[in-house]
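I kept a notebook while looking through this structure. Here are my entries, in the order I made them.

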Amino acid sequence: MSWKSFSLLVILAMPISVEALMGANAAYDECMLRSLRESRSGQVTNFIRQSCDAIYRNGAMLLPRDRIYHECILQSLPGVRDEAAAQQIVSICRRRGGL
């Protein structure tokens with residue numbers, strides 16, 4: 001492949017990559033907005049952020065057990081205000097994911 005062909009290929013592929021990245025960021029942002037609405041705990045916020053990040057930014061690399069854990073976190077933690085309750089939910093999600 002000549003240098004010109006390679007350069008053209010890279011230039012043509014860039015808009016797709018940027019568009020895909022923007023779509024992934026939009027999904028991540030939506031996850032954060034939806035999940036953090038009623039959060040009043042820094043600990044809960046951190047678990048939610050980590051799960052949104054894992055699913056929407058690193059989802060292709062997740063093992064099935066990790067996906068189950070992070071989905072459980074995102075389904076169960078939003079709105080939890082008590083840190084002891086948050087720890088119980090995290091423990092249950094870890095068991096469900098087999099972690």
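**Ground rules.** I noted that this is a predicted model, where local features need pLDDT of at least 70 and side-chain atom pairs count only at pLDDT 80 or more, while totals for chains, interfaces and linings use all residues. Residues are numbered from 1 along each chain as its sequence is written, and side-chain values use heavy atoms, with hydrogens and water left out.

**Overall plan.** I looked up the elements and found 4 helices and 0 strands (DSSP runs numbered from the N terminus: helices are H or I, at least four residues; strands are E, at least two). Of the 99 residues, 27% are buried (under 20% relative accessible area; exposed is over 50%, partly exposed in between).

**The core.** Which residues have the most contacts inside the largest nonpolar core? They are Cys52, Ile73 and Leu77, in a core of 20 residues. Such a core is a set of buried Ala, Val, Leu, Ile, Met, Phe, Trp, Tyr and Cys residues joined through side-chain atoms within 4.5 Å. Helix 1 (3-35), helix 2, helix 3 and helix 4 each supply at least two residues of this core, and helix 2 gives the most, with 6 residues.

I then checked the neighbours of isoleucine 73 (contact means heavy atoms within 4.5 Å). Leaving out residues up to four places away in sequence, isoleucine 73 touches Phe47, Ile48, Ser51, Pro78, Val90 and Cys93.

**Helix 4.** I ended with helix 4, residues 83-97. Its buried residues are Ala86, Ile89, Val90, Cys93 and Gly97. They cover an arc of only 100 degrees around the axis, which puts them on the same side of helix 4; the arc is that of the directions from the helix axis to the C-beta atoms. These buried residues pack against helix 2 (42-56) and helix 3 (64-76). On the other side of helix 4, I found Ala84, Gln88 and Arg95 exposed.

At the N-terminal end, aspartate 82 caps helix 4, with a side-chain oxygen 3.2 Å from the backbone nitrogen of alanine 84. After helix 4 comes glycine 98, with a positive phi near 75 degrees.

Key:
The expected span of a helix is 1.5 Å times one less than its number of residues. Buried means under 20% relative accessible area, exposed over 50%, partly exposed in between (1.4 Å probe, protein chains only). A polar contact is a pair of N or O atoms within 3.5 Å; within protein, one must be able to donate a hydrogen and the other to accept it, and residues adjacent in sequence count only if both atoms are side-chain atoms.
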